[in-house]
Amino acid sequence: MSSWFERQLSSHQFQLAATALVSGVTVAGLIYGGQAIRRKVAVEDLKASIPPESEEHQAQRLTDFGAASPLPSATREEERVAALARRAQQGDYDEELINEQLTRTASFLTPSPFEKLRSSFVVVVGLGGVGSHCTAALVRSGISHIRLIDFDQVTLSSLNRHAVATLADVGTPKVQCVRKRLEAVAPWVQWECLNEVWRADQGERLLAKWDKGKGRKPDYVIDAIDNIDSKVELLKYCHEHDLKVVSSMGAGCKSDPTRIFVGDISASIEDPLSRTTRRKLRMLGISEGIPVVYSTEKPGLGKAQLLPLPEEEFLKGTVNELSVLPDFRARILPVLGTMPAVFGYTVANFVILEITGYPHEVGAGKGREKMYDNILSGLQGLEERLARSVGQDPLGLKIPVSRDDVGYLIEEVFRGKSVVSGLPTRLALTRWRAPKDGFRINQSWDGQKYSSLQLEDLICMSKEEATLHEKEVLKGGKPPEVMYDLDVIQLVERRRQEELHYRSYR
């Protein structure tokens, strides 16, 4: 053995490889060292450029989310509007003026539904393009109690889609910006502004009854968050606490307003944000029952796409550090300024009709429970046939798969289509490979028989394809690589890798 090592050490190839390895490590060390030095120098230069505190240069403490604590000095017009709003919110405002301003809405809805709208309480979470337009529409329609939740500030780049922000609002909290601008439209509206990020552990406080728990609970919660994890947490909280909620899906990269619909989340398609949200909710046991606003517009050649981060940003260090908060997106999402407005007004319209009971139709869920039951029954039959094929008695055999599991695999993992032909009808679930150690019934618990089947073992095919697959692969012993072309093999592997990524949420 020692002579083998001596030969390897003295070989020309080994010496070249070792030299290359040492050179690579040295170069990497120099690069990272140089980057660290440049960052340190840049930070020191930035600190040196900050003047000391004085009457001319005053420092103020930021909020926990980096926002300016006090708002900038108000103009005389803003002071006048704020003073009027304070009086109006205390009841010092002519009711006839309010009725005249809202007369078109009142005539449309009729008196009783309109009074429901006037007295309602709505929470808007997220005040970007969608949330700001939605809030503006609710205020102009007559809703009088609104709670705003958003941690972010107005930026220059948000002015292309924000409903009310101006250049003067850049750098100020979005919740204060929206309130200030809309008080000039409807000074009597009561506001609660929370300049903080949505967190599930604070849900009881953030979605509490009006007036610090003394008033009514929210008539509706509006989800206009563009961060997926926060969105899922909010929808889960509302679902579990019986709070009515409507969610806006992605307006980014969309351009066709005629493709925007309101429907159950289980029916939303052609929207990456909707698909990811729906998939994570299914993992939490929520497959339907949440209305969403979504677009069916398909991506295509020449259409906008999610922009990648420039290569130099990756070289600077951890990409996650580029986000405003941990786990928030760092890449640029192209947005046509008109589309968030259409989404926002669609959400507001839905909420108004729901609160007032005005007749309207919402796209129902897929209602495919019967199909899932049939697929589950077919999978049960497959496992029993495999047991009999190796001489085992399948009587009483159970499989560790539920109807919800079937729905998740069919809709989210395999997008409702066969991996072989792409057909969306007569679907079935089957094992992708025969078990390495052969099919065996587990009887480790007395009086109980169950299959060792795992969700990651399953793929989606048409019934005809599954029948042939059972004959050739599961019973005939052929590996899938012999049965199918490379495209099918790669598609199955991509779906499996996606499922491994999402499994932590189940």
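## The pairing of strand β4

Strand β1 (residues 121–125) and strand β4 run parallel and are joined by four bridges. In this predicted model, valine 125 is the residue that stands opposite aspartate 223 of β4. A further partner of β4 is strand β5 (residues 245–248), with which β4 pairs in the parallel sense over three bridges. Aspartate 223 takes part here as well, its bridge partner in β5 being serine 247. Between these two strands lies a helix of the β-α-β unit: β4, helix α11 (residues 228–240) and β5 make a unit that is right-handed.

Are the faces of strand β4 covered or open? Both faces of β4 (residues 220–223) are covered. Tyr220 and Ile222 are buried on one side, and Val221 and Asp223 are buried on the other. In a regular strand, side chains alternate between the two faces of the sheet.

## The seven-stranded sheet

Strands β1, β4 and β5 belong to an open sheet of seven strands in the order β3-β2-β1-β4-β5-β7-β6, with mixed pairing. The edges are taken by β3 (190–194) and β6 (260–264); each has a single partner strand, so one side of each is left without a neighbour in the sheet. On average, neighbouring strands of this sheet are turned by 20 degrees against each other, direction ignored.

Within this order, β1 is also paired with strand β2 (residues 145–149), in the parallel sense and over five bridges. In that pairing, valine 124 stands opposite leucine 148 of β2.

## The three-stranded sheet

A second open sheet has three strands in the order β8-β11-β10, and its pairing is mixed. Here β8 (397–398) and β10 (441–442) stand at the edges with a single partner strand each, so one side of each lacks a neighbour in the sheet.

Strand β10 and strand β11 (residues 449–451) run antiparallel and are joined by two bridges. Asparagine 442 has tyrosine 450 of β11 as its bridge partner. Strands of a sheet pair through backbone hydrogen bonds, either parallel or antiparallel.

## Packing of helices α3 and α8

Helix α3 (residues 76–89) packs against helix α8 (residues 174–183) at an angle of about 85 degrees, with the axes 9 Å apart. The two helices are therefore roughly perpendicular, as angles of 65 to 115 degrees are counted in that class.

Which residues of the two helices meet? From α3 come Glu78, Val81, Ala82, Ala85 and Gln89, and from α8 come Arg179, Lys180, Arg181 and Glu183. By class, this contact has three nonpolar, one polar and five charged residues.

## Arginine 385

Arginine 385 lies in helix α15 (residues 369–389). With a relative accessible area of 32%, arginine 385 is partly exposed, because that class covers values between 20% and 50%.

Leaving out residues up to four places away in sequence, arginine 385 touches Glu470 and Lys475. Although arginine 385 and glutamate 470 are 85 residues apart along the chain, their C-alpha atoms are separated by 9.7 Å.

Arginine 495 is found in helix α19 (residues 486–502). Its relative accessibility is 15%, so arginine 495 counts as buried, the cut-off being under 20%. Apart from residues up to four places away in sequence, arginine 495 touches Val413, Phe414 and Arg415.

At 26% relative accessibility, arginine 415 counts as partly exposed. The phi of arginine 415 is near 55 degrees, a positive value in a residue other than glycine. Arginine 426 lies in the loop between α16 and β9, and its phi, near 50 degrees, is also positive. Most residues other than glycine have a negative phi.

## The chain as a whole

The protein chain contains 19 helices and 12 strands. Of its 506 residues, 41% are buried. Among contacts with a separation of 6 or more, 73% are between residues 24 or more positions apart.

Methods:
Residues numbered from 1 in each chain as written. Predicted model: local features only at pLDDT ≥ 70, side-chain atom pairs only at ≥ 80, totals over all residues. Heavy atoms only, no water. Axes fitted to C-alpha atoms, helices over the stretch in contact; angles between N-to-C directions. Parallel < 35°, antiparallel > 145°, perpendicular 65-115°, else oblique. Contact = heavy atoms within 4.5 Å. Nonpolar A, V, L, I, M, F, W, Y, C, P; charged D, E, K, R; others polar. Buried < 20%, exposed > 50% of the residue type's maximum accessible area, 1.4 Å probe, protein only. Pairing = 2+ DSSP bridges. Right-handed = clockwise from strand over helix to strand, strands pointing away.
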